[in-house]
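Subject: Handover of a structure

Dear colleague,

Please find below the structure that I am passing to you.

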Amino acid sequence: MTATRVDPELLSELKEYGDGQVETCFNCGNCTAICPFTSAEYPFPRNMIRLVQIGGAEKLKQSIDPWLCYYCGDCSQTCPRGAEPGEVMMSLRRWLTAQYDFTGLAKKFYTSKVWEIGAMVVVGVLVVVIALLLSGPVVTDQVELNTFAPVEIVHVADWIMAGMLVFFIAINVFRMWKYIMVDGMDRKVPFSLYITEAWQIVLHLFTQKRWAQCEEDKEKKNWNWIAHLLMVSGYGLMLVIIIFFLKWFQTDEIYPVWHPQRWLGYYATIVLIFGAGRSIIGRIKKNVQMHRFSHASDWIFPVLLLLVALTGIMMHTTRYLGLPLVTYYTYIIHLAFVAPMLILEVPFGKWAHLYYRPLAIYFEQVRAKAKAMPVAETQLASAD
Ligand code: SF4
Ligand code: SF4
């Protein structure tokens with residue numbers, strides 16, 4: 001386990017990642033007492049706030065706790081000092097995302113609107129330029145999208161993009177694992193535990209089921225959890241279609257309405273608009289705890305999702321109306337929103353939590369099992 005080093009800049013650094021008021025906390029512990037997700041092993045948010053106060057950056061990097069918080073906001077409502085512990089936990093998730101990221105881009109994006117929006121614009125413009133350079137003949141007497149934008153070329157671009165995503169995510173996840181499971185452990189974890197607990201990643205990635213325990217959400221019939229789940233399903237569906245089934249999805253043939261190619265597209269579009277729209281309206285109204293404070297990254301992602309969905313609908317409509325030029329150019333604009341959303345937001349932005357959170361829950365389980373084993377056994381097992 002790494003020794004604790006004090007970082008005197010940590011408190012001011014964390015201010016760049018959110019609106020928590022760590023300096024006002026006097027460690028009464030009310031927040032931890034009320035939190036529905038806390039435990040003896042992970043007594044957050046007070047332990048995390050204390051670490052920020054004493055500049056324990058190394059210990060924070062080794063912590064799972066911020067990923068176990070679902071921002072129900074109960075702690076912020078009961079804090080007698082207005083320290084906004086829920087918001088501190090949110091800031092710590094952003095901060096951790098930046099610590100895991102070896103490129104430094106996540107830190108740039110979370111601490112500078114100019115960097116995040118500028119990077120989106122640069123990637124979007126690049127996509128437009130490349131799409132225009134590689135585009136095929138412009139047929140104007142009917143819509144021939146696959147002549148203008150041959151699906152084989154678009155598919156190769158998808159695979160390049162997927163390769164980049166895997167590369168960045170794999171390295172950042174490796175760094176997360178090293179901080180938590182190597183630096184943050186006093187013993188070596190047997191490899192077999194990683195295998196036997198791997199199902200946890202799948203379960204929590206696809207269900208986010210711990211969120212459903214949130215009392216505030218339960219009172220509202222779990223709508224936050226359900227809306228998030230629907231949005232993830234739409235986003236995941238589009239990702240799978242784009243990467244693996246684009247030739248089946250991007251066709252010039254107009255299928256009947258019952259065809260899966262159409263209703264899968266409609267499903268993804270509807271849930272993305274619902275989820276993104278709900279998030280944007282919530283942040284405007286600020287009527288739930290998790291929407292009271294909005295970092296720039298909280299706006300950029302749903303707005304981008306909405307633009308992707310709306311340009312998708314527009315392209316679909318103009319194609320059915322038989323408007324070739326509008327369809328082709330709307331398609332390029334659509335790609336200019338899709339590319340930065342995937343290339344920048346997934347590895348470096350808000351959507352990194354999609355895989356960091358289930359991974360953290362997985363690591364929590366592996367750690368618990370490893371700690372329950374006799375020390376000699378864990379060391380012996382790791383030497384195999
Ligand atoms: S954040 Fe608020 S509730 Fe929690 S320990 Fe500090 S003062 Fe108490
Ligand atoms: S926001 Fe909710 S889940 Fe997060 S620390 Fe506070 S009480 Fe716990």
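How many of the 16 residues of helix 7 are buried? The model is a predicted one, and in it 15 of those 16 residues are buried, so helix 7 is largely enclosed by the rest of the structure. Helix 7 covers residues 85–100. At 1.5 Å a residue its 16 residues should span 22 Å, and this agrees with the 22 Å between its end C-alpha atoms.

Overall form

The protein chain contains 21 helices and 0 strands. Its radius of gyration is 23 Å, close to the 21 Å that the globule rule gives for 384 residues, so the chain is as compact as a globular protein of that length. Along the principal axes, the C-alpha atoms fill a box of roughly 70 × 55 × 40 Å. Of the 384 residues, 36% are buried. Among contacts with a separation of 6 or more, 75% are between residues 24 or more positions apart.

The two domains

The domain assignment divides the protein chain into domain 1 (10–100) and domain 2 (105–367). Their centres, taken over C-alpha atoms, are separated by 27 Å. The contact between them draws 25 residues from domain 1 and 29 residues from domain 2. On the side of domain 1 that touches domain 2, at least two residues come from each of helix 5 (65–68), helix 6 (74–78) and helix 7 (85–100). Helix 7 gives the most to this side, with 7 residues.

Ligand 1 is surrounded by 14 residues, of which the closest are C25, C28, C31, C79 and A83. Helix 2 (30–34) and helix 3 (46–53) are the elements that give two or more residues to this shell. The shell around ligand 1 consists of 9 nonpolar, 3 polar and 2 charged residues.

Ligand 2 has 15 residues around it, and the closest are C35, C69, C72, C75 and G86. The elements that supply two or more residues here are helix 6 and helix 7. The largest share of the shell around ligand 2 comes from helix 7, with 3 residues. By class, the shell around ligand 2 has 12 nonpolar, 2 polar and 1 charged.

Helix 15 runs over residues 223–244, and its 22 residues should span 32 Å at 1.5 Å a residue; the end C-alpha atoms are 31 Å apart, which agrees. Which residues of helix 15 are buried? They are N224, W225, M231, G234, Y235 and M238.

Helix 18 (residues 296–321) includes L321. Is L321 buried or exposed? L321 has 10 other C-beta atoms within 10 Å; a residue counts as exposed with 12 or fewer, so L321 is exposed. Between L321 and F37 there are 52 Å in space, C-alpha to C-alpha, and the two are 284 residues apart in sequence.

With kind regards

Conventions. Residues are numbered from 1 along each chain as its sequence is written. Chains are lettered from A and ligands numbered from 1 in the order in which they are written. This is a predicted model: local features need pLDDT of at least 70, side-chain atom pairs count only at pLDDT 80 or more; totals for chains, interfaces and linings use all residues. A residue is near a molecule or strand if its C-beta atom, placed from the backbone, lies within 6 Å of it. Helices (H or I, at least four residues) and strands (E, at least two) are DSSP runs, numbered from the N terminus. Ala, Val, Leu, Ile, Met, Phe, Trp, Tyr, Cys and Pro count as nonpolar, Asp, Glu, Lys and Arg as charged, and the others, Gly among them, as polar. Domain bounds come from an automatic or database domain assignment. Two residues are in contact if their C-beta atoms, placed from the backbone, lie within 7 Å. The expected span of a helix is 1.5 Å times one less than its number of residues. A residue is buried if 20 or more other C-beta atoms lie within 10 Å of its own, exposed if 12 or fewer, and partly exposed in between; C-beta atoms are placed from the backbone. The radius of gyration is taken over C-alpha atoms; the globule rule is 2.2 Å times the number of residues to the power 0.38.
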